[in-house]
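Trainee: I am new to this structure and would like a close look at one part of it, the place where the two chains meet. Please take me through it in one go.

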There are 2 protein chains.
Amino acid sequence: MIEFHFDFLSPYGYFASRFVESLAEKHGRQLDWRPMLLGVSVMKVMGLKPLTATPLKGDYVRLDVARTARRLGLGIGRDLNKPPPSSLVPARALCWVKKNRPQASAGLVHSVYAAMWREGKDLNAPTDLTGLALPPDLPVDELVGAAASTEAAELLRQEVARSLGEGVFGSPTFVVDGEPFWGFDRMAHVDEWLSERR
Amino acid sequence: MIEFHFDFLSPYGYFASRFVESLAEKHGRQLDWRPMLLGVSVMKVMGLKPLTATPLKGDYVRLDVARTARRLGLGIGRDLNKPPPSSLVPARALCWVKKNRPQASAGLVHSVYAAMWREGKDLNAPTDLTGLALPPDLPVDELVGAAASTEAAELLRQEVARSLGEGVFGSPTFVVDGEPFWGFDRMAHVDEWLSERR
């Protein structure tokens, strides 16, 4: 198993989401999509400011995100000077889908990330999910209803508490057999680590 | 020119210091050793806590530093659970050496990093520098006197203000033709960037 922890508001999570399936496949591992909320880990638990609101670091991160996207050939359709989008609604939706339509999880992740980062859309309300390109086995009405449900909100609360309990704080974080790797730039190390354990 | 910005208290700066000369040589670039103080950039300007005192992140960084050192085959002779060492005195010494004995700069950097991170020594006072393995053209008495001088303190103040003015906040940071790259894990990108500009 590779646990892939990410926040939809994190562009480095977006980058990693494009490569994590082939990494898992290469090493014959299952993949667990683990939505998290940086607003909880970074601000409430760690007591830090959001990256983009931190003097000096905010400017650098905007530059690095744009440069990394160019390097990967991925378009960013979002104004990086705007505040990051809210990820609460899609994270709730994903928690519900993982439990009730697990086979649609990967498709939902890619669809949300493409909408938020490639196309620059905001997904602030459950009804904003209607524009997503969804897997065929995930009807859009069902998803909108799920995202607005108390079940989804409770599932995300549990998920956030669980990942904090496991020490996960940043997006993306990969956990392999209990070993954590934080950062998109650590994917090559995860690959190495997995190769050595075969 | 490659500007190499680093704080002696930063283990990632130590790792990078071991490879930055060969990177510069590979691309036919001069190297500028630029000491900085994370205590000023991170705490005063960015308003953040030290990495190791940040919940969750502190534990992860200790794990990542130990793992990265193993991966590189570099020993860490310092207890990573102790607070980071003070870098004020060696940073002042380096500023003085850069101005007055520039050809000894690289040797001093390697010697300080080896003492602090490989051997786990604290260099809190100018007299602590007497144990360093110094380049032959840098007499130890001269260095100890320099580290205690008001000239060195003033040079470091100017240096810290200059790097903050250039937007540098983390250690290590590489600046190539005005393009900043933050993090030891970005050295491969610096290499790519330099290759493309040849």
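**The interface of chain A and chain B**

Mentor: A network of salt bridges links Asp64(A), Arg67(A), Glu179(A), Asp185(A), Arg186(A), Asp64(B), Arg67(B), Glu179(B), Asp185(B) and Arg186(B). The model is a predicted one, and every value below is computed from it.

As background, side chains of opposite charge can pair when their charged atoms come close.

Now the wider count. Across the interface of chain A and chain B the rule finds eight salt bridges. Another salt bridge to look at is that of Glu192(A) with Arg71(B), where the closest N and O atoms are 2.4 Å apart.

Which elements of chain A supply the side that touches chain B? Helix H4 (57–72), strand S4 (179–182) and helix H9 (187–196) of chain A each supply at least two residues. H4(A) gives the most to that side, with six residues. By kind, the residues of the side of chain A that touches chain B divide into 15 nonpolar, four polar and nine charged.

For the extent of the interface, 28 residues of chain A are in contact with 28 residues of chain B. The area buried between the two chains is about 2,800 Å², and carbon and sulfur atoms give 59% of that area.

How are the two chains placed relative to each other? A rotation of 180°, with 0.0 Å of shift along its axis, superposes chain A on chain B with an RMSD of 0.0 Å. The two copies are therefore related as by a two-fold rotation axis. The same surface serves both copies, since 100% of the contact residues of chain A recur in chain B.

For contrast, here is a salt bridge within chain A. Over all chains, a search of the whole structure finds 42 salt bridges. One of them is between the side chains of Glu119(A) and Arg118(A), at 3.6 Å from N to O. Glu119(A) has a relative accessible area of 40% and is partly exposed. Arg118(A), at 44% relative accessibility, also counts as partly exposed. Buried means under 20% relative accessible area and exposed means over 50%, so values of 40% and 44% fall in between.

Arg118(A) leads on to Arg18(A). Leaving aside neighbours within four places in sequence, Arg18(A) is in contact with Leu74(A) and Arg118(A). Arg18(A) is in the loop between helix H1 (11–17) and helix H2 (20–26) of chain A. With 40% relative accessibility, Arg18(A) counts as partly exposed.

In chain A, a cis peptide bond joins Ser171(A) and Pro172(A), with omega about -5°. Pro172(A) is in the loop between helix H8 (150–165) and strand S3 (173–176) of chain A. In chain B, a cis peptide bond joins Ser171(B) and Pro172(B), with omega about 0°. Pro172(B) is in the loop between helix H8 (150–165) and strand S3 (173–176) of chain B.

The other detail concerns phi. Leu56(A) is a residue other than glycine, yet its phi is positive, near 70°; Leu56(A) lies in the loop between helix H3 (38–45) and H4 of chain A. Leu56(B) is not a glycine either and has a positive phi of about 65°. Leu56(B) lies in the loop between helix H3 (38–45) and H4 of chain B.

Conventions. Residues are numbered from 1 along each chain as its sequence is written. Chains are lettered from A and ligands numbered from 1 in the order in which they are written. This is a predicted model: local features need pLDDT of at least 70, side-chain atom pairs count only at pLDDT 80 or more; totals for chains, interfaces and linings use all residues. Side-chain values use heavy atoms; hydrogens and water are left out. Contact means heavy atoms within 4.5 Å. Buried area is the accessible area (1.4 Å probe) that two parts lose on being put together, summed over both. A salt bridge is a side-chain nitrogen of Lys or Arg within 4 Å of a carboxyl oxygen of Asp or Glu. Helices (H or I, at least four residues) and strands (E, at least two) are DSSP runs, numbered from the N terminus. Ala, Val, Leu, Ile, Met, Phe, Trp, Tyr, Cys and Pro count as nonpolar, Asp, Glu, Lys and Arg as charged, and the others, Gly among them, as polar. Copies are superposed by least squares on the C-alpha atoms of residues with pLDDT of at least 70 in both. Buried means under 20% relative accessible area, exposed over 50%, partly exposed in between (1.4 Å probe, protein chains only).
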